[in-house]
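Hi there,

Here is the structure I promised to pass on. Please open it alongside this note, and I will walk you through it.

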Amino acid sequence: PLTTTGELVARAAASRSAIAAFNIITLEHVEAVIAGAETAGSPVVLQVSENAVRFRYGRLLPLARAAVAAAERATVPVALHLDHVQSDALLRQAPAAGFSSVMYDAARLPYQENLAATRAAADWAHAQGLWIEAELGEVGGKDGAPPLDPHAPGARTDPAGARAFVTEAGVDALAVAIGSSHAMTTRTAVLDHALLARLSGAVGVPLVLHGSSGVPDGELTAAVGGGITKVNVGTALNIAMTCAIRDFLAAHPEAVDSRRYLAVGRAAMAEAVTRIIKVLS
Ligand code: G3H
Ligand code: ZN
């Protein structure tokens with residue numbers, strides 16, 4: 001059934017585990033994430049990034065409607081989350097499209113602008129009953145200079161700054177930079193567990209790990225033990241899908257029916273989903 005991200009994060013926090021949130025791009029991603037979660041017998045979050053909306057000709061609703069329909073029929077609880085939202089116009093589409101949560105990403109802005117934009121987004125989101133996650137760019141960005149990209153490999157979240165940001169912005173969760181970075185195709189990230197311990201003591205809301213595709217299993221398990229409550233995974237599914245399809249097409253040069261290779265790609269994604277969920281629970 002369709003549930004809310006807030007509910008799944010609260011459940012994960014209570015059991016000191018983490019909820020897995022997978023980025024969906026195609027209908028095959030939707031089906032694979034749900035099938036993989038059903039095999040694991042665990043709830044899951046389907047998340048749609050602003051980038052994915054851009055890929056879908058700028059339209060959120062077709063993929064969102066498919067995701068809602070699939071979630072309603074799932075045998076495990078499934079929530080919908082709008083990921084890395086920079087556009088207020090997209091943010092405002094979330095409730096009507098079936099999303100119970102958003103990640104508002106103003107981390108590219110100088111600190112005061114990020115804080116003001118995030119607080120306004122949080123006020124609006126809460127009035128709509130949405131759960132909201134945010135991200136703090138690296139403090140600095142003074143004199144109008146943009147802050148360093150918090151998704152860059154070397155970026156780190158400062159605990160005291162994070163606490164102040166969360167309190168003042170009034171958000172429900174915070175994405176933290178502790179050593180992972182987006183779109184890694186090797187699982188070689190090394191997390192700063194000492195920093196995570198300080199963050200989890202200081203921040204007071206659930207912490208979210210982004211760029212989790214590049215994080216090895218042992219590091220993920222340790223991060224969950226250290227207070228990460230939501231784990232975002234995107235690239236790992238694209239690797240699973242693309243490699244499986246590439247191998248299939250190389251072995252079957254005569255294949256033209258898209259169902260043949262999409263089925264192979266979907267099955268590979270579902271397997272990856274089950275595997276990752278098990279690492280987190
Ligand atoms: O918000 C989405 C995640 O941070 C995905 O990152 O594609 O590196 O796994 P990833
Ligand atoms: Zn992310």
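First, some housekeeping. This is a predicted model, in which local features need pLDDT of at least 70 and side-chain atom pairs count only at pLDDT 80 or more, while totals for chains, interfaces and linings use all residues. Residues are numbered from 1 along each chain as its sequence is written, and chains are lettered from A and ligands numbered from 1 in the order in which they are written.

**The barrel**

Eight strands close into a barrel in the order 1-2-3-4-5-6-7-8, with parallel pairing (two strands pair if DSSP finds at least two bridges between them; strands are DSSP runs of E, at least two residues, and helices are runs of H or I, at least four residues, all numbered from the N terminus). On average, neighbouring strands of this sheet are turned by 25° against each other, direction ignored (axes are lines fitted to C-alpha atoms, for helices over the stretch in contact, and angles run from 0 to 180 degrees between N-to-C directions). Strand 7 (residues 207-209) and strand 8 (residues 228-233) run parallel and are joined by three bridges. Within that pair, Leu209 stands opposite Val231 in strand 8.

**Helix 2**

Helix 2 (residues 27-40) has 14 residues and spans 20 Å from its first C-alpha to its last, close to the 20 Å expected (1.5 Å times one less than its number of residues). Its buried residues include His29, Val30, Ile34 and Ala40 (buried: 20 or more other C-beta atoms within 10 Å of its own, with C-beta atoms placed from the backbone). Gly41 follows helix 2 and has a positive phi, near 70°.

How do helix 2 and helix 4 cross? Their axes come within 10 Å and cross at roughly 20°. The two helices are therefore roughly parallel to each other (angles under 35 degrees count as such). The contact is made by Leu27, Val30, Glu31 and Ile34 of helix 2 and Ala66, Ala67 and Ala70 of helix 4 (contact: C-beta atoms, placed from the backbone, within 7 Å).

**Leu91**

Leu91 lies in helix 5 (residues 88-91). Is Leu91 buried or exposed? Leu91 is buried, with 21 other C-beta atoms within 10 Å. Leaving aside neighbours within four places in sequence, Leu91 is in contact with Val85, Val102, Tyr104 and Ala121. The C-alpha atoms of Leu91 and Leu262 are separated by 31 Å, and the two residues are 171 apart along the chain.

Best wishes

Notes:
A residue is buried if 20 or more other C-beta atoms lie within 10 Å of its own, exposed if 12 or fewer, and partly exposed in between; C-beta atoms are placed from the backbone. Angles under 35 degrees count as roughly parallel, over 145 as roughly antiparallel, 65 to 115 as roughly perpendicular and the rest as oblique. Two residues are in contact if their C-beta atoms, placed from the backbone, lie within 7 Å.
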